[in-house]
Amino acid sequence: MLGYLVLATVCLASALADPMANKLRPRQLDEFSTGFMKEDGVLRGAAPECRDQLGWVYHKGNCYMFTSYHEPFLRAEELCNEVGGYLADVLTQEENDFIKSVLNVINPKDGTDYWLGGLDNNRDKELRWMTGEEMAFTNFINGEPAGNPYLHMNFDKGFSWDTKDDANDKDNGFVCKRKA
Ligand SMILES: [Ca+2]
Ligand SMILES: [Ca+2]
Ligand SMILES: [Ca+2]
């Protein structure tokens, strides 16, 4: 009891000594952090910035763009290419969780799915990332891959992955990615 009281007193005292200390949320910088930012005259570390076009979101060394246009698969890849990226490859559980967490916030909840850059040209149920990265991590729903060519994150499956036969489906936005 006395311990708690002492701790509370110490916290209170330090809070009084530095009124800002209590108001700042903890900063988490990843291993790629190189930049700096300044607020109220205080310089702090910052994540790298996604430069050159507006709208990219930084995460762990990469930049992501989440687009709600409903586009065919190949057109989505072209649009990513036009802004220096590619349809996203998703290489780790952590990256998959990040993308899902963003989609769970920004998705209009109308059932829109999101193309990823996975392709099964020859329909042999082995997909490849169009980037050439090895598809070591996957998040397929049961029964996938089903031998359809085009990979997407399916709204109705919590954005887990399945494949579509029709590249021209009109219910799919897309996620672009590029190096930060
Ligand atoms: Ca779809
Ligand atoms: Ca294949
Ligand atoms: Ca769907």
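The legends below accompany close-up views of a predicted model.

**View 1. The chain as a whole, with three helices and 10 strands.** Read from the N terminus, the elements follow the order α-β-β-β-β-α-β-α-β-β-β-β-β. Of the 180 residues in the chain, 23% count as buried, and among contacts with a separation of 6 or more, 57% join residues 24 or more positions apart.

**View 2. The largest nonpolar core, which has 24 residues.** The residues with the most contacts inside this core are L87, W115, L116, V175 and C176. Two or more residues are given to the core by each of β4 (62-67), α2 (73-82), β6 (113-119), β8 (150-154) and β10 (172-179).

**View 3. The surroundings of V175, one of the residues with the most contacts inside the core.** When its neighbours within four places in sequence are left aside, V175 is in contact with Y64, F66, A88, I99, Y114 and L116.

**View 4. D162 in strand β9, which covers residues 160-164.** D162 counts as buried because 21 other C-beta atoms lie within 10 Å, where 20 or more are required. Not counting residues up to four places away in sequence, D162 touches F140, I141, E144, H152, N154 and K157. Of these, I141 is 21 residues from D162 in sequence, while their C-alpha atoms are 6.3 Å apart in space.

**View 5. Helix α3, made up of the 14 residues 93-106.** From its first C-alpha to its last, α3 reaches 20 Å, which is close to the 20 Å expected at 1.5 Å a residue. This helix is hardly covered, with a count of one buried residue among its 14 residues.

Terms used: Residues numbered from 1 in each chain as written. Chains lettered and ligands numbered in written order. Predicted model: local features only at pLDDT ≥ 70, side-chain atom pairs only at ≥ 80, totals over all residues. Core = buried A, V, L, I, M, F, W, Y, C linked by C-beta atoms within 7 Å. Buried ≥ 20, exposed ≤ 12 C-beta atoms within 10 Å, placed from the backbone. Helix = DSSP H or I, 4+ residues; strand = E, 2+ residues; numbered from the N terminus. Contact = placed C-beta atoms within 7 Å. Expected span 1.5 Å × (residues − 1).
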